[in-house]
Structures are given as structure tokens and as C-alpha cells.
Amino acid sequence: MGEEGTEGTVHLLCLAASSGVPLFCRSSRGGAPARQQLPFSVIGSLNGVHMFGQNLEVQLSSARTEDTTVVLLVGLEELTNIRNVERLKKELRASYRLVDSFLGDSERIGDLTQCVDCVVPPEVSLLQEALSGFTEAAGTAFGSLVVSGRVVAATESWWRLGTPEAVLLPWLVGSLPPQAARDYPVYLPHGSPTVPHRLLTLTLLPGLELCLLCGPRPPLSQLDPQLLDRWWQPVLDPLRTCVPLGPRALPAGFPLHVDVLGLLLLHLELKRCLFTVEPSGDQEPSPEQRRRLLRSFYSLVTATHFPPEPGTPEDKVEDAAQRAQVPRACYLVSGPEEPGTGWRLVALQLGPRRLLLLVSAQSPTHGLRSLATHTLHALTPLL
């Protein structure tokens, strides 16, 4: 959604497929929500081009000027039979915060990787045990702990949620304003696109939320303080260690090389990832620039060096010979390949894991693969 690295204004425009009626338009500039909206004349012109192209079996997906990008989304088939446009517009307002979080400069990366953003707490087994017991007592199999939109721990059923809901649910929780408790209706794009489920959230500590996905039961009132205390009071100290993990992702004191400025670790089979730009936070570039560099590098290596994993047995047989020639590592220097100049970006893939590192300019290029291999081995027990 939007263009990586775009410095101008990005507009997300959603149109009804049949009538061309604008359902909503959200705007972002420099990674932050923007008040500047598209004039109705521009929306009308874009819709005219869209309708003209549709007759020629050509789809208009985006339009760009020197400092503006407009991304068009055509409503799902279920949204095309609109009986009351104004009512639909009001209902769509509930998604504005989620949409704005995708357009903004997020600290997460699941929107790009389609992997669940995770963090690694020091005592995950204790939290996992408490979560399993609490969800069973509450009468649901789907539960997770979420800090700043990233999953700390989850039940087996929660992890089995398909894409994109496994990514969207914690992202939604992270985009909402703080509340002690919520009872939020959600449609699951893959699992239940027409019948809403209930997303119940309870704030255990500031920034740390307990999430349950369920049907008509249990009522929110059933999750009383006594039930919460029974399962979560004994693990209050491990819960406290989770709160600062939002932007950091890794446990305090985890041994990373001093030259590592940011990392993205993906487990391609589990569809989970760790993403942080917190190491050596007092050095240049800024956290925002680090995120942009890693996001752009991920897009580059995924498109050019590390193709998606084959899905079907036929794909695997067909690609077997080609996969022997697929590179396992690559690097990029953002300036001259001289000591002390230009940041280094290196990617390494071993089995189901792919690691991307942003490395300081002081690190010699001939040592990048060794640094990435050592870092990946250290991170492997975590994901």
C-alpha cells in the first residue's frame, strides 16, 4: 500500500467498483497522516480513467506526479452490491486507524513481508502456559499476548490463523487507542469474510494486551478480575519484561555485534518475523531511515535474489534444478565501497530463515557474510 521511500503525499482511494462512488480517501505525507485530501474533481477524473480502462480490460492501480502518489483500491465483490452508500461510508470509518497505520511510518513490517511481527520475551514458556490456561478457562482456543502490535505469545489455534488475518489482527490492536477492554467485531478475510467474530482485548499492563478471538461467547463481563488475577498475577514480573520489547523485539542483553544497526529475521514456513532498528540507537542513520533502508532492501532481494518459496509439489519438482542456482547471500553498499563510508546491507538465507542486516559503515565488506552467518546462528533458537 503506497510507495516505499515516497517523500511526497500518498493518497489511498477506495472506489465502489460498479458506480465509481468514492467510499473513502486517506492521505499520508512523510509517514504521517495528512490533512490534504484529493479534490472531488481529481477523484472524478481518476474514476473516469478507471472506468475507461475497465472497458478495455486494463486496470488502473495508481497515478503519480512529482510529489504525489494515488493508490486505487476497487472494492471486493461483496462490497459492489451497495444498497446504501452513506451507511457503508459510516461503517468503513471503523477501519480508518488501521488504514492510516499502513500508510504511515510504522515500526512493524508485517504489511510488507506478510509475516507476523513478533517479539521474544525472556520467559516465554511461563507466559505460554498462563495464556493456554486462561484461554481454556475463557472458553476459546484463540488467544495471544500483543505488545505494540507485535505478538509475544499465542495459542496453537491462533498461530494456525491464515494470511492475512494472522498479520492484521495484532496490527489492528496496535493501531487502536489505549483502552482497558474492548469487544470489537472483526471479519476474517480468509477464514470468515461474511460472518463477524469478536475480538476481545484486555490491557494487562500499559502497551501489553491480552487478545481473544471468539464467537458469541464468552461475554466480556465473564472475564472478571478474579479470573485475570488467577492466571496473570503469578507471572506479573515476566509480563513486565515484555513492555519494552515493542520496538526492540529482542530480549535485553541479547549479544549483537556492535556494527549491527538493524535486522529483519523471517521464518518463511512459520510466517513470523523479528524486526528491530534499536541496536546502537545513538548512531546514524535515524530509526526512521533504518526502517526505510531495510524495507527497501527486503523488496529488492525478494524481487531479484530470493524468490518466494514454491507452494505445490509440482512447483517444487519444477524448481528443483533452478533452486541449486539461487543465491544464498547478497550485499549492498549505499555509497563507495571504502572503509568508513556508506552503510552496508546484507541478506542471508539458510533453510526456512532469511536474515537481513543493516550494518555500520565501519564494517568491512569482506566480513559481511561471516557477520550475517554468526548473527543468524545466534538468532535461530529465538525463531
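**View A. Pro218 lies in the loop between strand S11 (208–214) and H9, where helices (H or I, at least four residues) and strands (E, at least two) are DSSP runs numbered from the N terminus.** This is a predicted model, in which local features need pLDDT of at least 70 and side-chain atom pairs count only at pLDDT 80 or more, whereas totals for chains, interfaces and linings use all residues. Residues are numbered from 1 along each chain as its sequence is written, and side-chain values use heavy atoms, with hydrogens and water left out. The peptide bond that leads from Arg217 into Pro218 is cis, with omega near 5°. A cis peptide bond also joins Glu284 to Pro285, with omega about 0°, and Pro285 belongs to the loop between strand S13 (272–276) and helix H12 (287–304).

**View B. Gln114 has a positive phi of about 60° although it is not a glycine.** The residue is placed in the loop between helix H5 (110–113) and strand S6 (116–117), and with 29% relative accessibility Gln114 counts as partly exposed (buried means under 20% relative accessible area, exposed over 50% and partly exposed in between, with a 1.4 Å probe and protein chains only). Lys271 likewise has a positive phi, near 60°, in a residue other than glycine. Lys271 is found in the loop between strand S12 (260–267) and S13, where its relative accessible area of 39% makes it partly exposed.

View C. Rings of Phe, Tyr and Trp (its six-membered ring) pair if their centres lie within 6.5 Å, and planes under 30 degrees apart count as stacked, over 60 as edge-to-face and the rest as tilted. The ring centres of Phe102 and Trp171 are 4.9 Å apart and their planes meet at 25°, so this pair is stacked. The pair links distant parts of the chain, since Phe102 lies in helix H4 (residues 96–103) and Trp171 in helix H8 (residues 165–175), 69 residues apart. Phe102 is buried at a relative accessible area of 12%, and Trp171 is buried at 1%.

**View D. Phe134 and Trp232 form a tilted pair, because their ring centres are 6.2 Å apart and their planes stand at 50°.** Here too distant parts of the chain are linked, with Phe134 in helix H6 (residues 124–138) and Trp232 in helix H9 (residues 225–232), 98 residues apart. Phe134 is buried, with a relative accessible area of 0%, and Trp232 is buried with a value of 4%.

**View E. Arg26 lies over the face of Tyr96, at 4.2 Å from the ring centre.** A charge sits over a ring if NZ of Lys or CZ of Arg is within 6 Å of the ring centre and within 35 degrees of the ring normal. The charged end of Arg108 is placed over the ring of Trp171, 4.4 Å from its centre.

**View F. The side chains of Arg26 and Asp100 meet in a salt bridge, with N and O 2.7 Å apart.** Arg26 lies in strand S2 (residues 22–29) and Asp100 in helix H4, so the bridge ties together parts that are 74 residues apart in sequence. Asp100 is buried, with a relative accessible area of 17%. The count comes to eight salt bridges, each defined as a side-chain nitrogen of Lys or Arg within 4 Å of a carboxyl oxygen of Asp or Glu.

**View G. Arg291 forms a salt bridge with Asp105, the closest N and O atoms being 3.8 Å apart.** Arg291 lies in helix H12 and Asp105 in the loop between H4 and H5, so parts that are 186 residues apart in sequence are tied together. Arg291 counts as buried at 8% relative accessibility, whereas Asp105, at 27%, counts as partly exposed.

**View H. Ser363 is found in the loop between strand S16 (353–359) and helix H14 (368–379).** The residue is buried, with a relative accessible area of 5%. Leaving aside its neighbours within four places in sequence, Ser363 is in contact with Asp259, Arg344, Leu368 and Leu371, contact meaning heavy atoms within 4.5 Å.
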